[in-house]
Amino acid sequence: VAVRRLQPEILESLVAWELLSGRVPAAQALATRRVRVARASGSQQALGRALLDRARVGAGDARWADMERDAAAAVGAFQRASLDLLAAQARQVQADAQARQGRFEQAFEVQRDLTRRLEGLYREYFQQGALLREIERQASEAEVRAEAFAEAALRDPLTGAPNRAAAMTHLDNLLLRAGNGHPSAA
């Protein structure tokens, strides 16, 4: 590639193109370049994505040990960036690489850990949803109370007749209408 400085997104597309074209060594070289660019950026998310991409390229030519190493490094990068779902994807790739190498017990342990973590994520997701619904309910109730208080502030509590504040509000509205060229008396 003749372009001197490629953006990570362009490198990602080039890696995919090379893989689709069956040129795994070229895809591997571009994936490695993408990892270097991502490391230099300082973004853990970009680094994790680049490492995960290179791990998947490693599967293209059965480089299982490299695939496992990159997937494990991607897990770490995603965890540092608090991107749990992407870390789960990287763990899955790591387990696949271990299984391909015949290390089934290790792959099983990674899968079991992955299952526990995903269950925790689902639990947190549903708890947050319940909390959000409770907050929405409380906000709706507060809105109804605020409307009732606003209406009560304009009426005498004993008689229910409009009070001075209601009269002043009505006069302000009439003045505003008159200022806009509308008749102020009916």
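Trainee: Why is Tyr 122 called exposed?

Mentor: In this predicted model, Tyr 122 has a relative accessible area of 53%. Exposed means over 50%, so Tyr 122 is called exposed. Tyr 122 lies in helix 6.

Trainee: Which residues make a nonpolar surface patch of about 420 Å²?

Mentor: The patch is made by Tyr 122, Tyr 125 and Phe 126. Members of such a patch need over 30% relative accessible area, and Tyr 122, with 53%, therefore passes that cut-off.

Trainee: Why is Glu 18 called buried?

Mentor: Glu 18 has a relative accessible area of 13%. Buried means under 20%, so the term applies to Glu 18. Glu 18 is found in helix 1 (residues 8-20). Not counting residues up to four places away in sequence, Glu 18 touches Arg 23, Ala 26, Ala 27 and Leu 30.

Trainee: What makes the pair of Arg 23 and Glu 18 a salt bridge?

Mentor: The closest N and O atoms of Arg 23 and Glu 18 are 2.6 Å apart. The cut-off is within 4 Å, so the pair counts as a salt bridge. Side chains of opposite charge can pair when their charged atoms come close.

Trainee: Why is Arg 23 called partly exposed?

Mentor: Arg 23 has 39% relative accessibility. Partly exposed lies in between the 20% limit for buried and the 50% limit for exposed, so Arg 23 is given that term.

Trainee: How do you know that Asp 70 and Arg 54 meet in a salt bridge?

Mentor: Their side chains are 2.8 Å apart, N to O, and the cut-off is within 4 Å; therefore the pair qualifies. Asp 70 lies in helix 4 and Arg 54 in helix 3 (residues 44-60), so the pair ties together parts that are 16 residues apart in sequence. Asp 70 is buried, and Arg 54 is buried as well.

Trainee: What makes Glu 134 and Arg 137 a salt bridge, and where do they lie?

Mentor: The closest N and O atoms of Glu 134 and Arg 137 are 2.3 Å apart; the cut-off is within 4 Å, so this pair also counts. Both residues belong to helix 6 (residues 104-152), where, being 3 residues apart, they are separated by about one helical turn. Glu 134, at 30% relative accessibility, counts as partly exposed, and Arg 137, at 38%, counts as partly exposed too.

Trainee: Which residues do salt bridges that share partners join into one network?

Mentor: The network consists of Arg 54, Arg 63, Asp 66, Arg 69 and Asp 70. The structure holds 15 salt bridges.

Trainee: How do you know that the span of helix 4 is close to the expected one?

Mentor: Helix 4 has 17 residues and reaches 24 Å from its first C-alpha to its last. The span expected at 1.5 Å a residue is 24 Å. Its buried residues include Trp 64, Met 67, Asp 70 and Phe 78, and the buried residues of helix 4 pack against helix 3 and helix 5 (84-100). Just after helix 4, Ser 82 takes a positive phi of about 60°.

Trainee: Where in the chain is confidence lowest, and where is it highest?

Mentor: Confidence is lowest in helix 1, at a mean of 88, and highest in helix 4 (residues 64-80), at 94. The mean pLDDT of the chain is 89, and 95% of its residues reach 70 or more. Where pLDDT is low, the predicted coordinates should not be read in detail.

Terms used. Residues are numbered from 1 along each chain as its sequence is written. This is a predicted model: local features need pLDDT of at least 70, side-chain atom pairs count only at pLDDT 80 or more; totals for chains, interfaces and linings use all residues. Side-chain values use heavy atoms; hydrogens and water are left out. Helices (H or I, at least four residues) and strands (E, at least two) are DSSP runs, numbered from the N terminus. Buried means under 20% relative accessible area, exposed over 50%, partly exposed in between (1.4 Å probe, protein chains only). Contact means heavy atoms within 4.5 Å. pLDDT is the predictor's confidence in each residue, from 0 to 100. Patches are made of residues with over 30% relative accessible area and no salt bridge: like charges are joined within 9 Å, nonpolar side chains (Val, Leu, Ile, Met, Phe, Trp, Tyr) within 5 Å. Accessible areas come from the Shrake-Rupley method with a 1.4 Å probe; for residues, only the protein chains shown count as cover. The expected span of a helix is 1.5 Å times one less than its number of residues.
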